[in-house]
Amino acid sequence: MPVRVAEISAPSQVSGTISRHTSPPACTLLSVGQAFSGTQNVSSIQKEEAWRVNVRIQGCDLEHGYLCGTMEALNVPMADTPVVTFWEGEIVDTKNYTFFTGKWDASPEDDKRHWTKFPSFLPLLSQVEIDGGKSLDLSNCPYIFMRWKEQYFVNVGTDCGLTIAGFYYVCFSCSDGSINGFYYDPNSSPFQKLELKSTNEGRSGFSFSSYELQ
Amino acid sequence: MPSATVNNHRPRELLSLLASADPEIKVRALREVKNQIIGNRTKKLSFLKIGAVPAVSGILADSVDNVIDSNCNNDNINNILVQSAAALGSFACGFDAGVHAVVDAGAFPNLFRLLGSSNEKVVDAGARALRMIYQSKLAPKYDFLQQKNMEFLISLLNSNNENVNGLGASIITHSCETSLEQKALFDAGILRKLNGLLEGGSLSQRDASLESLATIFKNNPEIISKFSGPEIGRPLSSVIDLAKDRYPRTRLLACMCLIVIRNTSPLFLQDIGIKTKLIHILLELLDDSGQVGDEAPFAFSSLIAQKEDLQELALEANAIDKLLHHLQKGSLHPRRYEGILLALADMCSKMESCRSKFLSLQVLNLVTDALTDDSADVRTAACICLKSVTRSIKNLSAGYFMDEVIVIPLVRLFLDPSTSVQVAALGAVSNIVVDFTTRKSIFVQCGGMKQLVQLAKSMESAVRSNALWALKNFVFLSDNRLKESVFSELTACLLASLICDPEPSVQEQALALVRNLIDGCINSIEFAFAEDGLILAAIGRQLQSASKAEIGIQGMYALCNVASGNEFHKEAVMHQLFPLMDDKNQSFMMKFLQSNDSQLRAATVWAILNLTCPLSPGASGRLEKLRNAGIFSQMKNMVNDPCVDVKLRVRTVLGQSMAFGNN
């Protein structure tokens, strides 16, 4: 008989679904319901430009290294309203996913070029060059590395003039909930930077809600 | 073949004929009773109601003493014994009320006595009747641990009579439950005998042996390793061979035996070849139109349940397509319908790839149709299937399931007469209401929200806690308008009493619901203060006596969320943590910080973090109070907490407290 699956926002799953001991630690700030806001730098050679971005985590399945949520881009010139996309994330946990992407037109060289832009990645570089980081123990690492790929537009059509062909290399800081990312798309300006902070939505402190799937 | 004139008497007439002194009339009446009731449940019931079973049992009892008399060649007596045994067997066959009546009438020991007859037909009739009784759970339990019982069982298995040694196997299948019994059977050499039947027996003996072996193996890795060891030849390979037998029932029973072995001792049958074979054989058995096909999906479920590697292999073998293909046939026997739905539920229970495959076939209607089936088991299975499929976060995010076609029949099941259907429907709805689109109002419009609140008042604790679970998921990230409507339907009073419900699981869900209500925009915190702070007080009270970590976790997050508000809110939380001015008693906070549960520690530290947030005017006062209660000393011990999340929060709190000067 099928049994209950717990997808709770607090760290570590209900016993029985704990991820292997080398996977990155669960973190309350990166859990369902959590919101982040900041900017994405979309500058090109022609002009400086940045969009305000809000991100919300909607799903989290640490056992399978999976995350998903929405990204809302404001003040997008081509759009009348904020543009919302749904994205899915791969958590680099050495079990389900390694630092090598293996798809989306990203070569291992592209991977290294992007990961090394995060200072917190540098201690891991040498092992990653050997085996993609498969033998790393990330269980005490205060950073979580991910790839986020937008899957579809939630509130606009595909003819809105925007692209979601690429994906983000993401580094999340467990200590303060800040997120840094670089957008990779061979057909777009390189290294568009995403910088987000955990938001309190007007509160004086942190607030957490959660859902549990049965 | 009975002639056309035989089955003409009405039950009451037959009953009086049974009482005749003339043995030939008695025998004819017995035969007619048997012929009328065979395969006819309604007839069995009508005969039962007029006391036919005690009457037949009485006849058996009157004649059974003659069995011991080995010179008895009296045909009439033997016929009476044979026909009364056959009639009793028929009453019991596939009919629990019949089994009950036969046992109650005291016929059971007398049927065993028939096995001592020198007349083969009498022995056969007795053995067959007993086998039919032992098919039912209501048959009396056989005590293997008594020496003479074990000896008797061995004598049955040693018999050359197929019905008699089959009876031995049936008794084992029925009554062997504990590891002590399994060991006793093993020690008595039963496995060797069963293996003999497996290899050299008839079809019926092989089948009976497979069932018995599975019963002895179940959850007993030690016996399995002995069975598979060198002393008993290579019996495991015999079972594997029988999985490819030409008879479907044998294939099914062999698969079930192998699955028991595999589930008990994961070291065995790990080979990907055998796993794939089992999957293919079971999927193919679905094509059988009889009882084998009805049971095959249950065997399939027991093979793949909880095991992603097997689910993946089954996905590659097109299991989902095949199961759905059978579902599409319609007019299914309820047992088969239930089995297929549960098999689909197991396939979709863990892997998104399976759920995607299922949804891509666009046949969800096949499952929602089953929500209105006559059988409660089928309705339950349909709900469980939906519960599995709706674990697809991707599709929940897209609002795929928040559709009247799915939601309305599920909400109707909240009023189902069967509690297990209600709970299963609540399970599916709990997932569906995790909807990130603006379509949650559909659930309100179809009356679902109001129903959930009603169910939160149910007498059944499982219904209460599942209704609250669904409400908790429903209000997650909901807008304030929706939260207001839920709250006004629930009322602060009911919510407070649910927080203090006698059942821990209800307490936990109620606290989690409050936690979600007060998250979001800052005004939501006011829910905790409605009716003079009823809910906040209930949370504080419940945390004093939290019986398990999960209650502490939800309660602390609720307090944490309140403490993320303004000064008034933070002070109100402090009052719950330290209710008395002169608080000598250790706050439950200390207990939580020292808990083995990292989530509980984390939740507690988050609350402290919010209470001592430097930007708040009253933070230093609260800090002082926490320090005096020893909380900060405790946290200093936690700077290297083994849980990274806890460690980081503790360091943040301690770092934050530096802003207030020396500590």
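**Chain A and parts of chain B**

Good morning. With 214 residues, chain A would have a radius of gyration near 17 Å if it were a compact globule, and its value of 17 Å agrees with this; the radius is taken over C-alpha atoms, and the rule is 2.2 Å times the number of residues to the power 0.38. This is a predicted model, in which local features need pLDDT of at least 70 and side-chain atom pairs count only at pLDDT 80 or more, while totals for chains, interfaces and linings use all residues. Residues are numbered from 1 along each chain as its sequence is written, chains are lettered from A in the order in which they are written, and side-chain values use heavy atoms, without hydrogens and water.

The C-alpha trace of chain A spans about 50 × 40 × 40 Å along its principal axes. Its secondary structure comes to two helices and eight strands, in the order β-β-β-β-α-α-β-β-β-β from the N terminus. Helices (H or I, at least four residues) and strands (E, at least two) are DSSP runs, numbered from the N terminus. Of the 214 residues of chain A, 57% count as buried, where buried means under 20% relative accessible area, exposed over 50%, and partly exposed in between, with a 1.4 Å probe and protein chains only.

I turn now to chain B. In helix 12, residues 190-200, the buried residues include B:Ile190, B:Leu194 and B:Leu198.
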